[in-house]
Every structure is written in structure tokens, then in C-alpha cells.
Amino acid sequence: MIFREVEDRDLIAKARRGGVEGYNLLISRWEKRVFNYLLRLVRDREDALDLSQEVFLKAYQNLGKLEDAGRFGPWLFRIAHNEAFSLLRRRKPEGDAEPPPTGEARSFRMFPIELTLAVESALARLAADQREAVILKIYQGFKFEEMAEVLSCPVSTVKSRLYTALDLLKDTLAPIQTRGVQ
Amino acid sequence: MSCSPYDLKDFFFGELEAGQGRQVEEHLEGCPECREEFERLRLTRVALDSLREEEPPRRIAFVSDTVFEPRWWRALWQSGPRLGFASAAMLAAAILVHAWVRPAPNVALAPDTAAIEARVGAEVARRIAPAVQAAVAESEARQANNTKELVSAAQRRFELQRDADRVAFAETLTYFQKKLNVLQLASADLGARP
């Protein structure tokens with residue numbers, strides 16, 4: 001972990017001197033995480049890819065403003081957050097969210113592909129800021145302090161969004177008994 | 001509603017300290033409702049984890065294009081020795097300003113340094129030479145006087161030593177004379193005995 005951080009620092013230093021190759025290597029380390037974060041947030045592959053490119057371009061142009069190279073991850077995701085919410089604001093407000101499932105929560109078994117669809121559907125029904133909290137914590141593994149840095153809000157707000165989202169997801173997903181997936 | 005001593009979700013995400021976590025664990029052992037709630041959280045996490053990460057459809061990479069690269073002055077400013085560059089630039093600017101502002105020397109009013117040096121040399125020679133001669137003469141006289149006093153003192157010491165030697169010789173001679181007289185008397189006494 002430490003070696004990785006040191007290497008990232010070296011690549012950032014090279015990129016700051018105008019070294020595009022070093023920056024491309026840095027991109028290759030982070031693009032999958034950024035792409036998946038954006039994909040789950042904006043729920044469109046092309047948009048997620050376009051935003052990813054925009055994120056890395058802006059990061060390159062603003063590397064000089066990064067005070068601590070060891071905080072590159074949260075700083076990069078802060079840019080991604082701004083780009084994603086800029087797009088979401090241009091879209092119609094959460095009216096694109098899927099309607100809640102009819103009927104009460106049931107306990108049933110699903111194939112893995114069905115479970116994946118159910119999870120995507122449950123995430124889509126969350127508000128964007130709640131969905132983002134789940135993505136950052138569950139899928140990106142950020143600590144609460146890092147999430148607060150990415151979202152530019154207090155840790156208490158981060159927890160509130162995450163826990164509310166978790167309650168909503170729990171009502172939908174916990175009753176599911178997967179078939180073939182434990 | 002959970003009756004756990006601490007938030008079950010904090011415990012679920014490992015946000016509690018060790019002691020607090022143990023209290024929640026103990027509580028879970030004795031509270032079926034909280035145990036069920038915790039199990040629902042776990043199942044939710046399992047379901048969420050079923051969503052796999054996707055590979056980006058295209059790799060993102062940049063080519064070396066000056067449009068996207070930082071400006072030369074920004075790259076210079078962001079480089080490691082930027083303070084050195086800044087200092088050197090300020091020093092160079094200060095030198096240029098100083099050279100520009102400082103008035104040029106007036107060549108027409110420049111003094112004839114060679115003539116001044118010659119005049120000063122002549123004046124120095126005129127005043128120094130007699131003073132040096134007087135100082136030398138005084139020094140020689142002082143040296144001669146010292147020599148004379150040293151010789152006189154040596155003569156006095158020699159005469160005193162000679163007088164002392166003469167007295168000692170006289171005393172020694174008297175001592176041996178007396179000894180000889182005693183021996184002669186003793187010899188005459190021995191010859192007069194039968």
C-alpha cells in the first residue's frame with residue numbers, strides 16, 4: 001500500500017512536469033474505479049465514459065492545485081463527483097428514478113443475473129446523493145473521512161445519507177434468497 | 001428500532017472502538033431482534049456485493065498535446081526548484097534595475113590619478129627621508145651607549161672577581177704556611193729526642 005502511494009506520488013510529480021506518459025500510467029490505475037463510480041451514479045455507459053475522460057483531463061490540468069499527492073484518490077473522486085452531479089442537474093431531476101416495486105417485500109430466490117438486476121434497480125430508486133454514499137462506501141471502500149472530503153460535507157451528513165440508503169436497500173434486498181449465490 | 005447500546009450500522013461498518021464493538025457483540029448474543037436486524041444488514045451487503053465492477057469500454061489515455069499540457073510558466077512554477085527560479089529571476093531583475101537607475105560616471109571630471117600619485121610620492125619622499133635618517137642616527141647612538149654600558153659592567157665584574165681570587169689565594173697561602181710551620185716544629189721535636 002505504501003509502495004503504491006509512493007509510486008503514485010512519482011507519477012504525479014512527472015505529470016506536473018508535463019509528462020503525459022506518466023499521467024497515462026496513473027490513469028490506468030484509477031480509470032476502472034472512476035468509471036464504475038460514474039457508471040453506478042449516472043447509470044449510462046457512454047455518459048460514464050465521457051465523464052471519465054473529462055475527469056482525467058480536468059485532473060491533469062489542475063494537478064498543480066493538489067496540495068498533498070497522498071490524497072490523490074479523494075481529490076480525483078471530488079472532481080468526478082462534480083462532473084457527475086453537473087450532468088445529473090442537466091438531466092431531469094430524479095424523475096428518471098425507477099418506480100418502487102409494487103407489493104410488499106417478499107422472500108424469494110433469484111438467479112445471479114436476476115439478483116444483479118434487482119440490485120441495480122434498488123440502487124436506481126435511491127436519491128443520487130444516497131446512491132453516491134453507497135457507491136463510495138460499499139463499492140469504492142472509502143473511509144468516512146475520505147467520503148466527507150469527496151462530498152465536501154461533514155462526516156455526520158455522510159453517515160446520515162449512507163444509513164438512510166442502507167435502510168431503503170435493506171427492505172428491498174434483504175428478503176431475497178439467492179439461488180446459486182451466497 | 002434497535003435497542004443496541006451503539007448504532008448497529010456503525011458496528012456493521014467497523015466504525016466502533018474495540019470496547020464498544022464488544023458491547024454490541026454481547027448485546028447481539030442476547031437480543032434476537034437486533035440479531036435479526038444485523039443479519040438483514042449482512043444480507044443486504046451480500047446482495048450489493050453481487051454487482052461486479054465493469055471494465056471501461058475504451059481505455060482513457062492522452063497524447064502529448066500542448067493544448068492539454070500546462071503552460072511553460074506553470075510547469076516552471078510547479079517544478080521542484082521553483083523558489084530557486086523565482087529567486088534568480090528577482091535577483092536578475094534587481095541587478096538590471098540597479099544598473100538602469102544608477103547614474104553613469106562623469107568621464108570629463110575624472111581626476112588624473114597618475115599625476116596625483118607622482119605628487120604624493122614626491123611629498124612622501126621629501127618628508128620621510130629626513131625622519132628616517134634621524135631615527136637611524138638616534139638608534140645607532142642608543143645602541144652604542146648600550147654597548148659601552150655593557151662593556152663597563154663586564155670590566156667591573158672582572159675586577160671584583162680578580163680581587164676576590166687574590167684574597168682567596170692569600171688566605172690559602174697563609175693556611176699552608178701555618179701547616180708547614182707545624183710540621184717543621186714536629187720534625188725538630190722528633191730529632192731532639194734520644
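**Entry 1: salt bridges**

I count a salt bridge when a side-chain nitrogen of Lys or Arg lies within 4 Å of a carboxyl oxygen of Asp or Glu. By that rule I get 24 salt bridges over all chains. This is a predicted model, where local features need pLDDT of at least 70, side-chain atom pairs count only at pLDDT 80 or more, and totals for chains, interfaces and linings use all residues. Residues are numbered from 1 along each chain as its sequence is written, chains are lettered from A in the order in which they are written, and side-chain values use heavy atoms, without hydrogens and water.

I looked up one pair: Asp47(A) bridges to Arg91(A), with 2.8 Å between the closest N and O atoms. Asp47(A) sits in helix H3 (residues 45–61) of chain A, while Arg91(A) is in the loop between H4 and strand S1 (108–110) of chain A; the two are 44 residues apart and link distant parts of the chain. Helices (H or I, at least four residues) and strands (E, at least two) are DSSP runs, numbered from the N terminus.

**Entry 2: H2 and H3 of chain A**

Asp47(A) turned up again here, among the H3(A) residues that touch H2(A). Helix H2 (residues 20–42) of chain A packs on H3(A) at about 140 degrees, with the axes 8 Å apart. Axes are lines fitted to C-alpha atoms, for helices over the stretch in contact, and angles run from 0 to 180 degrees between N-to-C directions. Angles under 35 degrees count as roughly parallel, over 145 as roughly antiparallel, 65 to 115 as roughly perpendicular and the rest as oblique, so H2(A) and H3(A) are oblique to each other.

What classes of residue make the contact of H2(A) with H3(A)? I find 16 nonpolar, 1 polar and 3 charged residues. Here Ala, Val, Leu, Ile, Met, Phe, Trp, Tyr, Cys and Pro are nonpolar, Asp, Glu, Lys and Arg charged, and the others, Gly among them, polar. Trp30(A) and Phe35(A) are among those from H2(A), and Phe56(A) and Tyr60(A) among those from H3(A).

The axes of helix H4 (residues 72–90) and helix H7 (residues 144–151), both of chain A, come within 8 Å and cross at roughly 45 degrees. H4(A) and H7(A) are therefore oblique as well. Pro74(A), Phe77(A), Arg78(A) and His81(A) meet Glu146(A), Glu149(A), Val150(A) and Leu151(A), contact meaning heavy atoms within 4.5 Å. By class I note 4 nonpolar, 1 polar and 3 charged residues.

Helix H5 (residues 112–124) and helix H8 (residues 155–173) of chain A have axes that come within 10 Å and cross at roughly 145 degrees. Ala118(A), Val119(A), Ala122(A) and Leu123(A) of H5(A) meet Leu169(A), Thr172(A) and Leu173(A) of H8(A). That contact has 6 nonpolar residues, 1 polar and no charged.

**Entry 3: where chain B meets chain A**

I find 36 residues of chain B and 45 of chain A in the contact. Together they bury about 4,000 Å², 61% of it on carbon and sulfur atoms; buried area is the accessible area (1.4 Å probe) that two parts lose on being put together, summed over both. In chain B, Leu51(B), Ile60(B) and Phe62(B) lose the most area to chain A, together 19% of what that side buries.

How many salt bridges join chain B and chain A? I count 9. One salt bridge pairs Lys159(A) with Asp10(B), at 3.3 Å from N to O.
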